[in-house]
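Have a look at the sequence and the model first.

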Amino acid sequence: MTGTSLLPVATVLVPALAIAPIYGFRNSPNRREATTLIAALATVGLVASLVPAALEGRGLVTHLGTFASVPVAFRADALGVLFALLAASLWLVTSVYSVGYMRSLDEHGQTRYYAAFAASIAATLGVAFGATLLTLFVCYELLTLATYPLVTHAETEAARRAGRRYVLYGLSGGVAIFAGLVLLTTAAGPTVFTPGGVPAVESLSPDLARAVFGLLVAGFGVKAAVVPLHTWLPEAMVAPTPVSGLLHAVAVVKSGVFGIARVVLFVFGPDATRDLGVALPLAVVAVVTILYTGLVALRQDKLKRGIAYSTVSQLGYIVLGLALLTPAAVFGALLHVVAHAVMKLTVFLSVGAIYVETGREYVSQLDGVGRRLPLTITGFGIAAAGLVGMPAVAGFVSKWYLMLGTVQSEYPILVAAFLGAGLLKLLFFWPIVLRACYADGDSSSLDFVGETTNDGGGHHVASGHRPDGGFEREDPNDEGRLGEQNGDDLVGEQNGEGPRSRSTWDAETTVLLLGPILAAVLGAVVLGVRPESLPFFDLADHVVTEVFGT
């Protein structure tokens with residue numbers, strides 16, 4: 001059952017319409033950032049208003065016409081609302097954090113940053129609410145273009161190189177989706193997402209159906225970062241940390257797994273996916289992704305790069321859950337979309353605060369950081385425990401259903417992939433927490449390990465001390481430029497006198513940085529202790545009921 005409403009398109013338009021005033025207030029930072037926060041609040045409110053109808057099975061629809069006889073429409077069904085509510089909520093958290101982060105580092109191009117962020121969220125909401133494969137495809141491509149300025153924000157050669165790779169991978173994936181879309185539309189007519197699968201797909205020959213499935217899943221698999229299509233993601237960590245946190249742990253990569261979910265559950269359906277024999281190959285790719293990138297993460301000293309590989313591994317959990325085609329596994333996969341996003345955002349925001357306050361970017365530099373930033377490291381540790389799969393944090397609940405669904409599937413042995421991946425996550429995160437909390441560190445150096453040097457172009461950039469005692473110039477490929485060295489812009493004094501005093505809860509960093517970290521980790525704990533108290537649980541349950549009838 002559906003109902004006509006302007007709410008779905010209005011939700012997409014709010015962040016899009018915020019772009020103009022953000023640019024209009026480019027000379028007034030307070031108004032520019034207030035515009036971002038107001039737009040984020042309004043978006044959360046609009047998405048929240050769609051939850052009751054979605055849970056009642058009344059996916060509200062906005063019809064925008066047709067293109068080449070294919071409907072163009074937005075529909076707020078349960079799966080779309082789940083993804084949209086996640087993206088909108090975390091946009092609000094990250095917007096608050098961005099204000100503190102960008103101001104602390106006196107970042108350049110802040111107006112462009114906030115405008116591109118709003119455009120990216122608008123495209124993400126379009127992906128969430130796309131009622132047809134065509135609508136989803138258009139918004140999916142717009143997301144690639146909207147996030148490019150964020151990936152290249154630092155404007156260094158490394159950032160430009162990462163941006164080129166990101167666009168090349170993203171648009172190549174779009175070409176594969178478009179090819180599958182054309183083949184499917186030509187053979188079966190317009191594709192409107194239907195729980196359990198589009199009936200017309202049954203009319204396709206098996207070979208053509210497999211070809212369409214392969215093209216669509218490969219196209220969405222680029223942003224989902226399945227092996228071997230994953231290499232763009234670690235390179236994209238040159239983006240500022242808030243971008244890494246939201247776009248590379250939520251909007252971009254989750255758009256990929258969301259697209260795969262639409263293909264498996266709403267285009268082909270569980271029965272056709274199983275009968276065509278394409279579920280097992282997808283599961284194998286997911287297992288390889290989980291274990292291979294989990295191992296690669298262990299070799300990384302650059303903290304954000306290691307976390308990026310960990311993200312790829314976690315995305316494999318979701319793809320594997322979808323490929324197993326049991327109600328419990330699919331339910332776990334949908335829960336993990338939310339759980340992983342909240343936990344990984346906490347981790348990234350914590351890493352950003354560490355960088356702002358100490359300038360440290362490498363695992364081998366983190367000795368004793370926990371004594372300088374106790375709440376930040378506590379938040380990091382709780383989120384890391386959830387990513388490992390420890391009880392009382394979001395990751396345990398989603399992983400429980402994933403493993404339960406795996407045991408109930410045709411391939412119960414694949415539960416070993418989840419257990420092995422949990423061990424790999426423990427081996428990655430536990431040494432980081434141990435270093436930060438217990439390793440001996442020079443307390444006098446915990447205020448800021450880098451210094452600024454002029455790059456010859458009028459910009460002051462970070463130069464970091466490497467763990468081996470040597471010194472190397474480190475362009476701010478991950479965090480952007482530090483700003484003028486005038487004592488007001490730098491977070492830590494560079495003369496050994498320690499950090500500036502702050503009027504925060506414990507003086508470890510600004511409220512604008514610490515508040516979002518604590519809010520995100522609180523969400524991770526609530527999802528781990530009382531997941532049914534948040535609408536994501538019921539929305540995921542409703543999707544499974546629609547698709548499987550139980």
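**Cysteines and salt bridges**

Start with C139: this residue is buried, with a relative accessible area of 7%. C437, on the other hand, counts as partly exposed, at 30% relative accessibility. Keep in mind that you're looking at a predicted model. A disulfide is a covalent bond between the sulfur atoms of two cysteines. How many disulfides does the structure hold? The count is zero.

E33 is buried, at 4% relative accessible area, while R103 is partly exposed at 37%.

Next, look for E410 and R274, whose side chains meet in a salt bridge at 3.5 Å, N to O. Because E410 lies in the loop between α16 (394-407) and α17 (415-438) and R274 lies in helix α10 (residues 241-275), the pair ties together parts that are 136 residues apart in sequence. E410 counts as exposed at 52% relative accessibility, and R274 is partly exposed at 33%. Back with E33 and R103, salt bridges that share partners join these two and R32 into one network.

Finally, find E56 and R58, where the side chains form a salt bridge (2.8 Å, N to O). Here E56 is exposed, at 53% relative accessibility, and R58 is partly exposed, at 31%.

Terms used
Residues numbered from 1 in each chain as written. Predicted model: local features only at pLDDT ≥ 70, side-chain atom pairs only at ≥ 80, totals over all residues. Heavy atoms only, no water. Disulfide = S-S within 2.5 Å. Buried < 20%, exposed > 50% of the residue type's maximum accessible area, 1.4 Å probe, protein only. Salt bridge = Lys/Arg side-chain N within 4 Å of Asp/Glu carboxyl O. Helix = DSSP H or I, 4+ residues; strand = E, 2+ residues; numbered from the N terminus.
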